[in-house]
Amino acid sequence: MTETCPNCGLPEDLCVCKDIAREEQQIEVSVSERRFGKKVTLVKGFDDEEVDIDDLETDLKKNLACGGTVKEGVIELQGDHRRRIKDVLEDLGFEKDAIEVH
Ligand SMILES: [Zn+2]
């Protein structure tokens, strides 16, 4: 049986709710310094009811070839990825203009 989207009622493979939700996210990217001078890139601002954050974290780690974790709706990626993160998020369906990099 095909899964249908609870939002629009279409089969999952035809549904674009997820894409639309991604385009609407206002994302904030910042870099924080941790113990021993290690840097982590924090990606936040997601609506966790509309975006599967764990899924996104997996995609980001794969695209940026780094480790990472999710803490209270904030994605933490090891290293400073400010230079590339906008392009990667855009590839994943997010709106570039809605991404603020500090
Ligand atoms: Zn849908």
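Where is the place of His81 in the chain? His81 sits in the loop between strand 4 and helix 3. The model is a predicted one, in which local features need pLDDT of at least 70, side-chain atom pairs count only at pLDDT 80 or more, and totals for chains, interfaces and linings use all residues. Residue numbers start from 1 along each chain as its sequence is written.

**Overall architecture**

The chain contains 3 helices and 5 strands; helices (H or I, at least four residues) and strands (E, at least two) are DSSP runs, numbered from the N terminus. Their order along the sequence follows the pattern α-β-β-α-β-β-α-β. The C-alpha trace spans about 50 × 30 × 20 Å along its principal axes. Among contacts with a separation of 6 or more, 45% involve residues 24 or more positions apart; a contact requires C-beta atoms, placed from the backbone, to lie within 7 Å.

An open sheet is formed by 5 strands in the order 3-4-2-1-5, with mixed pairing; two strands pair if DSSP finds at least two bridges between them. Its edge strands are strand 3 and strand 5 (99-101), each of which pairs on one side only. From one strand to the next, the twist averages 25°; axes are lines fitted to C-alpha atoms, for helices over the stretch in contact, and angles run from 0 to 180 degrees between N-to-C directions. Two of the pairings are set out below.

Helix 2 (residues 53-64) lies across strand 3 and strand 4, running at about 20° to strand 4. Helix 3 (residues 82-91) packs on the sheet and touches strand 1 (27-33), strand 2 and strand 5; the direction of helix 3 makes about 175° with that of strand 5. The 12 residues of helix 2 should span 16 Å at 1.5 Å a residue, which agrees with the 16 Å between its end C-alpha atoms; the expected span is 1.5 Å times one less than the number of residues. After helix 2 comes Ala65, with a positive phi near 50°.

**Burial and the nonpolar core**

Of the 102 residues, 16% count as buried; a residue is buried if 20 or more other C-beta atoms lie within 10 Å of its own, exposed if 12 or fewer, and partly exposed in between. The largest nonpolar core has 13 residues, of which Ile27, Val43, Ile75 and Leu77 touch the most other members. Such a core is a set of buried Ala, Val, Leu, Ile, Met, Phe, Trp, Tyr and Cys residues joined through C-beta atoms within 7 Å. At least two residues of this core come from each of strand 1, strand 2, helix 2, strand 4 and helix 3. Not counting residues up to four places away in sequence, Ile75 touches Val43, Ile53, Leu56, Glu57, Leu60, Gly68 and Val70.

**The surroundings of His81**

His81 counts as buried because 23 C-beta neighbours lie inside 10 Å. Leaving aside neighbours within four places in sequence, His81 is in contact with Thr41, Leu64 and Cys66. The C-alpha atoms of His81 and Val40 are separated by 8.3 Å, although the two residues are 41 residues apart along the chain.

Notes:
Two residues are in contact if their C-beta atoms, placed from the backbone, lie within 7 Å.
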